[in-house]
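Take a look at the model below.

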Amino acid sequence: MQAHPYLDFNGRCEEAVEFYRRALGAEVMSIHRFKDAPPDPQMGAAAADKIMHATLRIGDNTLMASDGHCTGSPSFQGFSLAINTPNLDEAEKVFSALSEGGQVQMPLAKTFFSPGFGMLSDRFGVNWMVHVTAC
């Protein structure tokens, strides 16, 4: 059994998929659009090209995403996604890429438990914690 994060970007999924592909080297495993599914009376014709389901691989992990009901701005509260990196150089690269257009909450810095740890919200409002695992 596995549990995977499933993020609803409310109409910005295509933009998010491209952002994570660039920022994290995410591999796009699949994208399914609403127009490829049986008609859904709740989804109008304007949503035809929106993403019903996307699967991304980030390292050994799976992240799933959707445009949901395309109702506006996404809202991500009550959780963070954590990225563990093997060294400080990689952490700095990931932190910088994810924070582009976002908001740094805690700059990446040495802590008592790691040579590098920081927190941010990316341009979509997804909270991230970047952590160097090697001491």
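Which residues form one aromatic cluster? The members are Phe-9, Phe-19, Tyr-20, Phe-76, Phe-79, Phe-124 and Trp-128. Keep in mind that this is a predicted model.

**Aromatic pairs**

Searching the whole structure turns up ten aromatic pairs. A pair of aromatic rings is described by the distance of the centres and the angle of the planes. Two of the pairs are set out here.

| Pair | Centre to centre | Angle between planes | Kind |
|---|---|---|---|
| Phe-9 and Tyr-20 | 6.3 Å | 55° | tilted |
| Phe-19 and Phe-124 | 5.7 Å | 70° | edge-to-face |

Start with Phe-9 and Tyr-20, a tilted pair. Phe-9 sits in the loop between strand S1 (6-8) and helix H1 (13-24), while Tyr-20 belongs to helix H1, so their pairing ties together parts eleven residues apart in sequence. Are these two residues buried or exposed? Both Phe-9 and Tyr-20 are buried.

Now turn to Phe-19 and Phe-124, which pair edge-to-face. This pair links distant parts of the chain, 105 residues apart. Phe-19 is in helix H1. Phe-124 is in the loop between strand S7 (117-121) and strand S8 (127-132). Phe-19 counts as buried because its relative accessibility is 2%, under the 20% cut-off. Phe-124 has a relative accessible area of 3%, so Phe-124 is buried by that cut-off too.

**A buried serine**

Ser-66 lies in strand S4. Why does Ser-66 count as buried? Its relative accessibility is 7%, and buried means under 20%. The Ser-66 side chain reaches the backbone oxygen of Ile-51 at 3.5 Å. Leaving aside residues up to four places away in sequence, Ser-66 touches Tyr-6, Leu-7, Asp-8, Phe-9, Asn-10, Cys-13, Ile-51 and Met-52. One of these, Phe-9, is also a member of the aromatic cluster.

**The largest pocket**

Rolling a probe the size of a water molecule over the atoms shows where empty space is left. The largest pocket holds about 500 Å³ of space. It is lined by 23 residues, and those closest to its centre are Ile-58, Gly-59, Asn-61, Ala-82 and Ile-83.

Which elements give two or more residues to this lining? They are H1, strand S3 (51-58), strand S4 (61-66), strand S5 (81-85) and helix H2 (88-99). S5 contributes the most, with five residues. Sorted by class, the lining has eleven nonpolar, eight polar and four charged residues.

Methods
Residues numbered from 1 in each chain as written. Predicted model: local features only at pLDDT ≥ 70, side-chain atom pairs only at ≥ 80, totals over all residues. Heavy atoms only, no water. Phe/Tyr/Trp six-rings, centres within 6.5 Å; stacked < 30°, edge-to-face > 60°. Helix = DSSP H or I, 4+ residues; strand = E, 2+ residues; numbered from the N terminus. Buried < 20%, exposed > 50% of the residue type's maximum accessible area, 1.4 Å probe, protein only. 1 Å grid on protein atoms, 1.4 Å probe; cavity = no way out; pocket = protein on both sides within 12 Å on 5 of 7 lines; lining within 4 Å. Points joined across faces, edges and corners; volume = space filled by probe spheres on them. Nonpolar A, V, L, I, M, F, W, Y, C, P; charged D, E, K, R; others polar. Polar contact = N/O pair within 3.5 Å; in protein donor to acceptor, adjacent residues only side chain to side chain. Contact = heavy atoms within 4.5 Å.
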